[in-house]
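Dear colleague,

Please find the structure below. My notes on it follow.

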Amino acid sequence: MCVASSIKVEADRRGEREISDQVLIQKVKSGNDHAFRLLVEKYRQDVFRTIYAVLRDEKEAEDAAQEVFMKIYTSLSQYEDQGFKTWMKRIAVNHAIDVKRKKDKRQEDSIESAGYDLYGGQREQVETEVMNRARRKLVIQRLDELPDNYRHVIYDFYIREKTYQQMAKEQNVQVKTIETKLYRARIWMKKHWKEDDFS
């Protein structure tokens, strides 16, 4: 098979996966439970890994994953095609943080309202860290797919976690130039990788 044909086959497969998600979601919204089982099967590992990153306990993560899929099922009516995988991971992270908070509260009954304020800040921090980790993993896996003019800036920002200022200094350009390059690179990734969480 020539390169062009294999690229087309791969693109078609990706298209099938994307259509498949949307079709399954519509079927679930119409009351098809089998379609939901297919979604669970497809994303079970993603949800488990996301929860495990917060709880660090396999049994608790398995239990929480089942609860998350129930939440996803009951919340699907509110889903409006804003990036299914990211939407699902946010539900998983928030639920995992709630589970962790309840567990810690049982262990330390002395935590009062100040403790809740602390967890509010931790929720945001943990969610950000989990989402960042997922982004870094995706970038590492698919770095070679990026156009040459975007690859370096994306690697520096997402993998090496450099600031705009550091990158501008190293490349001897204005910070605005780095901002523009990153903006265009994120647009490219959203369009070609169908991921909505590059921000």
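Helices α6 and α7 are oblique to each other, a class left for angles that are not under 35 degrees (roughly parallel), over 145 (roughly antiparallel) or 65 to 115 (roughly perpendicular). The axes of α6 (residues 148-159) and α7 (residues 164-171) cross at roughly 140 degrees and come within 10 Å. Axes here are lines fitted to C-alpha atoms over the stretch in contact, with angles from 0 to 180 degrees between N-to-C directions. Helices are DSSP runs (H or I, at least four residues), numbered from the N terminus.

This is a predicted model: local features need pLDDT of at least 70, side-chain atom pairs count only at pLDDT 80 or more, and totals for chains, interfaces and linings use all residues. Residues are numbered from 1 along each chain as its sequence is written, and side-chain values use heavy atoms, with hydrogens and water left out.

In the contact (heavy atoms within 4.5 Å), α6 contributes His152, Val153, Asp156 and Phe157, and α7 contributes Tyr164, Met167, Glu170 and Gln171. These residues divide into 4 nonpolar, 2 polar and 2 charged, where Ala, Val, Leu, Ile, Met, Phe, Trp, Tyr, Cys and Pro count as nonpolar, Asp, Glu, Lys and Arg as charged, and the others, Gly among them, as polar.

Just after α6, glutamate 161 has a positive phi of about 55 degrees.

Elsewhere, lysine 27 lies in helix α1 (residues 3-29). Leaving aside residues up to four places away in sequence, lysine 27 touches Asn32 and Ala35.

Regards

Conventions: Helix = DSSP H or I, 4+ residues; strand = E, 2+ residues; numbered from the N terminus.
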